[in-house]
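Welcome, and please open the structure in your viewer. We will go from stop to stop, selecting a few residues each time.

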Amino acid sequence: MRDIAVFSGTAHPDLAAEICAHLGVPLHPVRVSRFANDCLEVQLQANCRERDVFLIQPLVPPVQENLVELLLMIDAARGASAGRITVVLPHYAYARSDKKDAPRISIGARLVADLLTSAGADRVLAMTLHSPQVHGFFSVPVDHLHALRELATHFRRYDLSDTVVVSPDLGNAKEAAAFARLLGTPVAAGAKQRFSDDLVKISAVIGEVADRDVIVLDDEIAKGSTVVELMEHLRGLKVRSIRLACTHGLFSGDALRRLSDQDGVLEIVCTNTVPIAAEKRVPKLQVLSVAPALAEAMRRIHNGESVSALFA
């Protein structure tokens with residue numbers, strides 16, 4: 001891959017290094033410095049001229065810091081005459097700000113998409129956006145991957161004869177149904193109402209879950225409030241066991257410990273789209289790698305091959 005150049009911001013260099021190992025290309029260095037007035041400066045320390053440049057940077061905490069760093073990386077690549085700039089977004093944090101559900105509220109998902117495009121991004125490679133409409137907020141091509149295959153491969157190791165996949169809410173039911181088809185299991189969903197960022201109420205679970213092993217699937221878990229509320233209902237319905245699965249394991253604060261300590265929880269499974277600090281990890285946590293999928297998508301983009309064929 002002579003004409004490819006891959007750079008990583010400071011958000012998740014381990015994932016970027018793993019992607020480059022699968023691609024068989026070097027991960028080029030990036031110098032990030034800070035002026036006395038707290039402004040950032042970014043220098044890409046490899047030739048970009050007329051090359052196919054990939055910039056890997058999930059928007060993870062500190063989100064605003066990592067976003068500005070990414071915007072500066074894009075600008076630096078554009079100023080260095082890159083042939084094409086592809087932003088690789090393993091996690092797009094602002095995807096949750098995707099609709100106007102209160103008066104005079106900002107729609108951050110669209111605004112940040114506009115910022116990335118204005119900075120010079122020619123295309124975006126994303127993983128499991130929070131909702132389908134976010135794809136349409138970008139005015140450049142978007143290749144939207146999901147981690148359902150990686151999660152399904154993990155769970156196929158178990159006896160799934162009495163298992164049901166449960167979505168925490170109806171908004172995620174389509175993804176849960178697709179996951180259930182991969183596993184050959186039924187699907188159920190919670191009826192959820194959200195009152196604030198960390199206050200939700202689940203009034204019912206739609207589907208048969210009694211005396212079943214349950215896999216709760218969500219796109220991301222941050223504080224875990226929704227999952228805790230759902231598990232309370234599931235225990236009331238006499239499920240046999242609970243496994244938690246998500247693509248983006250944000251696990252803010254002590255969420256991992258709280259989830260691990262819940263009655264009936266056998267396992268918590270996520271992917272490495274988001275870095276998880278060693279001190280936060282618990283014995284029940286399993287982290288799956290999406291580096292092979294991202295690397296293959298990047299290879300196909302570079303070679304002009306179909307990315308959608310990955311899901312055929």
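In which loop does Thr 128 lie? Select Thr 128 and you land in the loop between β7 and β8; helices (H or I, at least four residues) and strands (E, at least two) are DSSP runs, numbered from the N terminus. The phi of Thr 128 is near 50°, a positive value in a residue other than glycine. For background, most residues other than glycine have a negative phi, and most peptide bonds are trans.

Before moving on, a word about what you are looking at. This is a predicted model, where local features need pLDDT of at least 70 and side-chain atom pairs count only at pLDDT 80 or more, while totals for chains, interfaces and linings use all residues. Residues are numbered from 1 along each chain as its sequence is written, and side-chain values use heavy atoms, with hydrogens and water left out.

**Stop one: the two domains**

Colour residues 4–145 as domain 1 and 148–288 as domain 2; these bounds come from an automatic or database domain assignment. Their centres, taken over C-alpha atoms, are 28 Å apart. Domain 1 gives 12 residues to the contact and domain 2 gives 12 residues, where contact means heavy atoms within 4.5 Å.

Together the two domains bury about 1,100 Å², with 53% of it on carbon and sulfur atoms. Buried area is the accessible area (1.4 Å probe) that two parts lose on being put together, summed over both. Now select His 91, Arg 96 and Thr 128: in domain 1 these lose the most area to domain 2, together 49% of what that side buries.

Next, show the side chains of Arg 96 and Glu 220, which meet in a salt bridge (3.4 Å, N to O). The term stands for a side-chain nitrogen of Lys or Arg within 4 Å of a carboxyl oxygen of Asp or Glu. Across the interface of domain 1 and domain 2, the rule finds 1 salt bridge.

**Stop two: the sheet**

Switch to a cartoon view and find the open sheet of 6 strands, paired in parallel in the order β2-β1-β5-β6-β7-β8. Two strands pair if DSSP finds at least two bridges between them. At the edges are β2 (27–28) and β8 (142–145), each pairing on one side only. Strand β1 (residues 4–8) pairs with β2 over 2 bridges, and Phe 7 stands opposite His 28 in β2.

The structure holds 18 salt bridges.

**Stop three: backbone details**

Where is Pro 62? Look in the loop between β5 (52–56) and α2 (63–79). A cis peptide bond joins Pro 61 and Pro 62, with omega about -5°.

Finish at Asp 38, in the loop between β3 (30–34) and β4 (40–44). Asp 38 is not a glycine, yet has a positive phi of about 80°.
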